[in-house]
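Let's walk through this fold by way of its charged side chains. Have a look at the model first.

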Amino acid sequence: MKIGWAGRDISTDRPVDIPGQFYIRVSRGVLDPITVTALALDGGDDAAVFVSADLIAIRPPLLEEARAAVAARRPGFPVEKLLIHATHTHTGASYYRAIAGMATPSQVPHEGIEIASSDEYRAFLVDRIADAAAEAWARRAPGGVAFGYGYAVVGHSRRAVYFDDVSKRPGAAGRPGMNVAGHAVMYGNTDDPQFSHYEAGADPTVQLLYTFDADGRLTGGVVNVPCPSQNSEHEWQLSADYWHDVRVAIRRRHGGIFLLPQCAAAGDLAPRALHGKAAQDRRFRLQYGADDVASQRERIARRDAAARIAAAFDETLEWARRDLRAEAPLRHTVRTIALHRRLITKTEYARHRRELRRLEAEPFAREGTPAERLVHDSTLVARRNRCRRILERYAEQTERPRLPMELHAIRVGDAAFVSNPFELYMDYMHRIQARSPFIQTFVVQLCGALPDGAGGYLATERAVRGKGYSASLYCNHVSPRGGQELVEATVAALKELHAGAAE
């Protein structure tokens, strides 16, 4: 086994669009660095190169341009084995030409507000990704790996379920282009007489892969957590969110080792609990000495989560390194699978034609500060775009009932990694892991997708019945049927890798 690491800072002081909300935010500096980290694993007969980025998602143009840039720097680099995935920070920079279903600065008046070119940032970003991947590949040297798992409560179910259908409550009003209400509500109020339960549980498992040099010294770690990094999701500064705090906490003990964060399946999870808030505030006040918890809550929560992840890292390292392998067979398969769409009905199509006409007649803001007008206008444009996308999907779905998806399955000794481009609901991960023949299976979501391929949230059957944000027609391009097809294809790929290992 040969192992190489590299990293780059992808922060910028330029005023860039920060994707992650319905409205456009323009960055006001850097709260903490956003980075890319590359890990190259070379087993001799096969290879895998992981790149983790502090971004909200990896869109097809970025993946294509990064692969081309790496190939140009290092002829012979196995670009098809390059897997780029996002930590899903809601405070990364935008590199998009356009965002389907959201607003881009070119679509919205922003007089008085400078917004740097996303093309300019994307060129910078591609350069940094390619540099990191090429350097990691060049720095491959004999070493070894060890793997294990620990526990750290980071994610919580973010979908509250009610006894009644909230869309039928007196005075309930829908928000076309944003939400379709039902029995479930993302971040719903739990102090409600009709609150029944959370739709899903949570998974405290932290999957860990450690790398060592030829002398047995720790050089880095893959840290796979089933929770997006969105404590700081409403900030107007660039930030890696809780992953910055994780890096600080782990490096405080282990020095400047490399850390490759991965977001495991967590489409229905978030790093905040929806009840017990008074108890949490009291703990934060007493434990962290916070005088004003309300204004510091999310930043304290970042540190709190990081302390638990770092503790899991250390506790697992202590016993996992007893099985350090200098020879760990590596196999990497890449295939394209096709998943059934979530179909748009005739009724939904007709309703969205009407709603689009209404939204197009709504004017841009004429009052307020430039920032206030930008928030209003970009939200309006995002809602229009989401309605337009429904009409486009309706026109496409008959001839293209399935969407393509690039699936990576990677064997590293007795552990395996599998990829998907979604904000994947946790149940699908458990279906895969429960049937995997490997000792441990790392599920990595928000990986770079194929052009015109699958993406967005992939909700479960029960979530689609409950409706609400993340389980609505706006959010789901692939149906629960397609979700199970993903499970079956992933399990089949894992079994093929395992059978090949046995042979």
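A salt bridge here means a side-chain nitrogen of Lys or Arg within 4 Å of a carboxyl oxygen of Asp or Glu. By that rule, Asp427 pairs with Arg462, with 3.1 Å between the closest N and O atoms. Asp427 sits in helix α8 (residues 426-435) and Arg462 in helix α9 (residues 461-466), so the bridge ties together parts 35 residues apart in sequence. Helices are DSSP runs of H or I with at least four residues, strands are runs of E with at least two, and both are numbered from the N terminus.

How covered are these two? Asp427 is buried at 18% relative accessible area, while Arg462 is partly exposed at 33%. (Buried is under 20%, exposed over 50%, partly exposed in between, using a 1.4 Å probe and protein chains only.)

A quick word on the source: this is a predicted model, where local features need pLDDT of at least 70, side-chain atom pairs count only at pLDDT 80 or more, and totals for chains, interfaces and linings use all residues. Residues are numbered from 1 along each chain as its sequence is written, and side-chain values use heavy atoms, leaving out hydrogens and water.

Zooming out, the structure holds 41 salt bridges. One of them joins Asp32 and Arg302, with closest N and O atoms 2.8 Å apart. Asp32 is in the loop between β3 (25-26) and β4 (35-42), and Arg302 is in helix α5 (residues 293-320), 270 residues apart. Both partners are buried. Compare Arg217 and Asp215, bridged at 3.2 Å: both are exposed.

As for the whole chain, there are ten helices and 21 strands, and 58% of the 503 residues count as buried.
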